[in-house]
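Reader: Please show me the model, and then let us go through some of its side chains one at a time.

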Amino acid sequence: FIIVLALLALKLTKTEQFKSKFNSFKEFFSVNSKLFIIVFILTGIYSFRTIERSQDWKNNLNLFGHDVKIAENSARVHTSGGAALLYDLYPAEKDKKKKDSLLDLTIIELKKAIQIFDKASEYNYVLATAYMDRNDYKNAIENFEIYKNRYSKPKPDVYKHLGTMYR
């Protein structure tokens with residue numbers, strides 16, 4: 001992408017590509033000033049965006065919480081957001097109502113992910129774990145079974161969880 005932008009900038013500024021011999025840096029920069037202005041502006045824009053984005057990288061909850069709002073049609077983002085709620089925030093929460101609310105949010109995010117892309121059974125694994133934590137064993141079994149049937153070598157804990165819930 002950046003190579004295409006550089007070539008486009010060269011064409012737009014009508015900069016002669018390496019045909020001239022320059023005697024000094026000053027001459028080089030003055031002949032290519034339009035190109036350097038474009039490069040400086042693009043570098044500034046991307047630098048600003050990078051610095052702005054780095055604030056989201058505090059933890060998985062901030063990162064994926066932000067991404068869920070931006071990339072609404074990304075199954076991977078919804079799964080990562082749900083997994084961050086389930087694995088990072090849920091275990092640390094002490095209040096039962098808040099824990100239930102976190103599980104509800106997790107299940108919503110994972111259902112969105114599966115609705116967008118239902119071929120990635122890893123999503124079903126995380127959803128099954130959320131249902132299991134909610135003691136909704138019917139839905140947990142259903143999602144663990146989907147996960148198990150799609151992988152030739154599923155995670156061993158799937159069998160442990162299924163065995164516990166089938167008892």
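Reader: In which helix does histidine 78 lie?

Author: This is a predicted model, in which local features need pLDDT of at least 70 and side-chain atom pairs count only at pLDDT 80 or more, while totals for chains, interfaces and linings use all residues. Residues are numbered from 1 along each chain as its sequence is written, and side-chain values use heavy atoms, with hydrogens and water left out. With helices taken as DSSP runs (H or I, at least four residues) numbered from the N terminus, the one that holds histidine 78 spans residues 75–89 and is helix 5.

Reader: Is histidine 78 buried or exposed?

Author: Relative accessible area decides this, with buried meaning under 20%, exposed over 50% and partly exposed in between (1.4 Å probe, protein chains only). Histidine 78 has a value of 3%, and therefore counts as buried.

Reader: Which residue has its backbone oxygen 2.8 Å from a polar atom of the histidine 78 side chain?

Author: Histidine 78 touches, among others, Val68, Glu109 and Ile116, where contact means heavy atoms within 4.5 Å. The backbone oxygen that lies 2.8 Å from a polar atom of its side chain belongs to glutamate 72.

Reader: With which residue does lysine 155 form a salt bridge?

Author: A salt bridge requires a side-chain nitrogen of Lys or Arg within 4 Å of a carboxyl oxygen of Asp or Glu. For lysine 155, the closest N and O atoms are 3.2 Å apart, and the partner is glutamate 122.

Note on methods
Helices (H or I, at least four residues) and strands (E, at least two) are DSSP runs, numbered from the N terminus. A polar contact is a pair of N or O atoms within 3.5 Å; within protein, one must be able to donate a hydrogen and the other to accept it, and residues adjacent in sequence count only if both atoms are side-chain atoms. Lists of a residue's contacts leave out its neighbours within four places in sequence.
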